[in-house]
Amino acid sequence: MKKNTPAPDAPRSLTFNILRYNPQEAGTAPRLQPYQIEEADSMTLFIALNEIRAQQDPTLQFDFVCRAGICGSCAMMVNGRPQLACRTLTQTLPTETTLAPLPFFELIGDLSVNTGKWLRGMSERLQTWLHTVTTPDLDRIEARMAPEVAEAIYELDRCIECGCCVAACGTAQMRHDFVGAVGMGKIARFRLDPRDTRTDDDYFDLIGDDSGVFGCMSLLACHDVCPKSLPLQTQIAFLRRKMVSIG
Ligand code: SF4
Ligand code: SF4
Ligand code: FES
């Protein structure tokens, strides 16, 4: 008898096992809930989750804003690896995928976490803004900056604050005060900026301990998972050398 095999280009059936938990609902426990959908051409994980929410379960919580890898809000654990849902094509995934919220950050519900709360605290602690003694004069032409310096600053400014580097970081899982690769990247960015008047001694006060560069184990999971391919490896190594020379 002739076997009923699917055509070679038949769409795959995808199963998403999603970690469901709403900390606001007393008495509930985390559980894995499976959902099945049919894969479409060029489908992203973001599109798949929207389809699940629209057609199967309106209670499913996850975040997105830009759908273009810019806002950093759709990061989640995809088969144990932090990545952006909107930049993950389902064709790169097996037929069965487990989704969980980023660890480390405060859980809002299901796949949604409050990265903003932690990032704001980190930014305030590291003072990730320009420190300058000159008062800006809006009527004057801006001060010039060497193109290669502007380029290097821009390279680090591409960080979208998605939290993937922190979610992948062994040190961050052990100590909540660790500033993570995102924090060290920001210090590296202001260190490069000729308008910032802070010295390396000032930066040492901010990251010269185990919650900063000396807590980093240099295993570089952050570098491997950063969706914007920031040069985290080079920057962390450079900052550590600088801080060692001061300490
Ligand atoms: S290299 Fe440092 S910051 Fe990056 S993941 Fe490892 S411990 Fe965390
Ligand atoms: S450094 Fe990379 S992984 Fe970390 S928050 Fe910025 S963009 Fe995300
Ligand atoms: S929705 Fe903005 S980065 Fe994915």
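## The shell around ligand 1

Ten nonpolar residues, four polar ones and no charged ones form the shell around ligand 1. This picture comes from a predicted model. The shell counts 14 residues, and Cys169, Thr171, Ala181, Cys216 and Cys222 come nearest to the ligand.

Helix H5 (170-174), helix H6 (180-192) and helix H8 (221-225) each supply at least two of its residues.

## The sheet

Strands of a sheet pair through backbone hydrogen bonds, either parallel or antiparallel. Here, five strands build an open sheet with mixed pairing. Their order is S2-S1-S5-S3-S4. Strand S2 (31-38) and strand S4 (81-84) stand at the edges. Each has a single partner strand, so one side of each lacks a neighbour in the sheet. From one strand to the next, the twist averages 35°.

Now look at one pair. Strand S3 (residues 75-78) and strand S5 (residues 96-100) run in the antiparallel sense and pair over two bridges. Valine 78 stands opposite leucine 99 in S5. Helix H1 (residues 45-55) packs on the sheet and touches strand S1 (13-20), S2 and S3. The direction of H1 makes about 100° with that of S2.

## Two packed helices

H6 also packs with helix H7 (residues 200-207). The angle is about 170°, and the axes lie 12 Å apart. Angles over 145 degrees count as roughly antiparallel, so H6 is roughly antiparallel to H7.

Which residues of H6 and H7 make the contact? H6 gives Met184, Ile187 and Arg191. H7 gives Tyr203, Leu206 and Ile207. By class, this contact has five nonpolar residues, no polar ones and one charged.

How values were computed. Residues numbered from 1 in each chain as written. Chains lettered and ligands numbered in written order. Predicted model: local features only at pLDDT ≥ 70, side-chain atom pairs only at ≥ 80, totals over all residues. Near = placed C-beta within 6 Å. Helix = DSSP H or I, 4+ residues; strand = E, 2+ residues; numbered from the N terminus. Nonpolar A, V, L, I, M, F, W, Y, C, P; charged D, E, K, R; others polar. Pairing = 2+ DSSP bridges. Axes fitted to C-alpha atoms, helices over the stretch in contact; angles between N-to-C directions. Contact = placed C-beta atoms within 7 Å. Parallel < 35°, antiparallel > 145°, perpendicular 65-115°, else oblique.
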